[in-house]
Structures are given as C-alpha cells and as structure tokens.
Amino acid sequence: MRVLTVGASGFIGFGAAQALVRAGHIVYGVTRSENKKKMLAAEEIIPIVAETANPSPWLPLVATLDVVIEAIGGWDVETLSPKLLDAVAEAVKKHRPPHAPKLAYIYTSGSYVHGDNRKDIITDTTPITQPIELSKWRAAFEQKVATHSVLNGIAIRPAIMYGKSASFFAVMFQAARPGGTIEWYGSPGVRYSLVHQDDVGEMYRLAAEKSAVIGGLCFDVANDFTESVDDILQRLVEVSGAHGYEYVEAQTPLERVFASSLRLRPYLARSLLGWQPRKAGVVDHMGLYYDVWKASL
C-alpha cells in the first residue's frame, strides 16, 4: 500500500508510520520540522516537510495513495482538522482518476469524546452525550469523516497513551521529584483507560490494510483493563523517589482532562480487525516506562 501520514513525527503518527513500514508498505510522512526529516528517513519513512495548514506540497499524491492518516493531534485543531479533510477531498476530485477506489481517510480523535464517567462501562458504539470540554467538537467531526461522500472515512480514538517519550504521562513524570510530593489533578477513585504507543501503531496498520471494509466506523483503542490513578501514583512514588502524592483541584480545561475517569471496554477493533494490545500496563512496568521517559529527554 501507499500511505501518507500527516503528523508523522508526533507520538501517534510516528508509531503508526513505523508499524506500516514494518509491514512492508510505502509510507510518506508529513512533518512541519526540518529537524525531524532525518528521523523519518532513518525509519524508511519518506519525509515531506510541509506546514499542516498548507498541504499543497503533497496533495497531488492522492492520485495514487491508498490511505491518508490524519494524526496531527493536540487540543487546538478544531479548525485545522476540518480544513485538512476538505483539502484532501478537493484534491481527490482534482487528481484522482474517476474509476479509482475511494481514498481511505483515517482521522485521529480520542477516547475523551466519551467524557468523564466513573460509573458506566463505555464501548465504541456507546452514544456520546457528555464529551470533555476540549473534545466537544470532535464527535460531530468524527461523523463528518465517517459519512463523507468522497472519502472512505474512519475514525480512531486512542485512549490515554504511554510508553517511549511518555506522551500524557510526561506531565505526571515531570511532577515526580525525589523527596517531593507529586501533585496530581482530581480526586481518589479515578480510573484511566490506557494503551501503549506500539499497540496504537499496530491498530493503524490493521485499519489501513482493512480500510476498504471498515469505512464509516469509529474505533476506540484501549487495553483490556483500566488502571487506578491511585495505584499509578503510588508506583510512581516508589520508582521516582518522591515522598508521596496528593490530589489538587483541576483549574484549566486540560487539567480537567487529567482529572477525568473513563472505563473503556471497546470491542470493534478486536472483533473486526483481530487487534489485541500486547504491552504491559503502566502499574506493572512503571519502573521501565519511567526510565525510558528519562532516557528520551
């Protein structure tokens, strides 16, 4: 396959591009950074340096691509993601032969479209009624992607990610200082749905390879079990040398994300794609993940 990943040097996009390269596919990686070009090339990812807001350098490639993966991530892409989707759709009309199959477009959302919920078990197909403040726009946009008339749209919602440079957990690890007290947002009893970067990358590989038969679907991607934030913080205290931990009130929208609880038990990726997470959880391998994060700095 010929796959283009937008945001290929990011935490999600890089893992997805690596997994696709390992599977033998031709992968283009779009990055905004000239400095990341060498990193992508060293992984056999064909680098394209372009601003996300200006995709014109690579849009003609849609004539022969099989899949475009949008993995720009972040919380401030409410206007950028729709513009990118529209640009790709217009480029398909302009450059792609009329007899060609629909171009698959995999949009990266996030599990927090489901909101803060300490009570219910949530699945891929649970109706979204109370999304987190920073994700309120994503549910409607997921449906725009999934029902697109020009593109074969698919949405992937990774849970909180860990491993390698730590992503979400980098904020928590930075708060752990030898002899100090870890301050974390929220209150006791929160549970996180989690997934390792490598397992997410494998999910993107499977979704890309089977995109022709899964168009229109939204997939949550998470481990088989949730983890207690109390247990995570206690293990971090043990491995970091911190004195202890305490909860503080979340003040900002992002801090309220950290304080939110979600009990995901997704099934679509397992039943339709055969996806299965393989990496150990955060509590079980906290020492390893903490050391790897430090080595990545």
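User: Hi! Which residues form one aromatic cluster with F168?
Analyst: Hi! That cluster is made up of F168, F169, F173, W184, Y185, Y192, F258, Y290 and W293. A caution: this is a predicted model, where local features need pLDDT of at least 70, side-chain atom pairs count only at pLDDT 80 or more, and totals for chains, interfaces and linings use all residues. Residues are numbered from 1 along each chain as its sequence is written, and side-chain values use heavy atoms, leaving out hydrogens and water.

User: How many aromatic pairs turn up in the whole structure?
Analyst: The search finds 15. Rings of Phe, Tyr and Trp (its six-membered ring) pair if their centres lie within 6.5 Å; planes under 30 degrees apart are stacked, over 60 edge-to-face, and the rest tilted.

User: Why is the pair F169 and F173 called tilted?
Analyst: Because their planes are at 35°, with ring centres 6.1 Å apart.

User: And is F169 buried or exposed?
Analyst: F169 is buried, at 1% relative accessible area, and F173 is buried at 3%. Buried means under 20% relative accessible area, exposed over 50%, partly exposed in between (1.4 Å probe, protein chains only).

User: Switching topic: what is I214 in contact with, beyond four places in sequence?
Analyst: I214 is in contact with I154, A207, F219 and L273, where contact means heavy atoms within 4.5 Å. I214 and I154 are 60 residues apart in sequence, yet their C-alpha atoms are 7.3 Å apart.

User: How much relative accessible area does I214 have?
Analyst: I214 has 3%, so it is buried.
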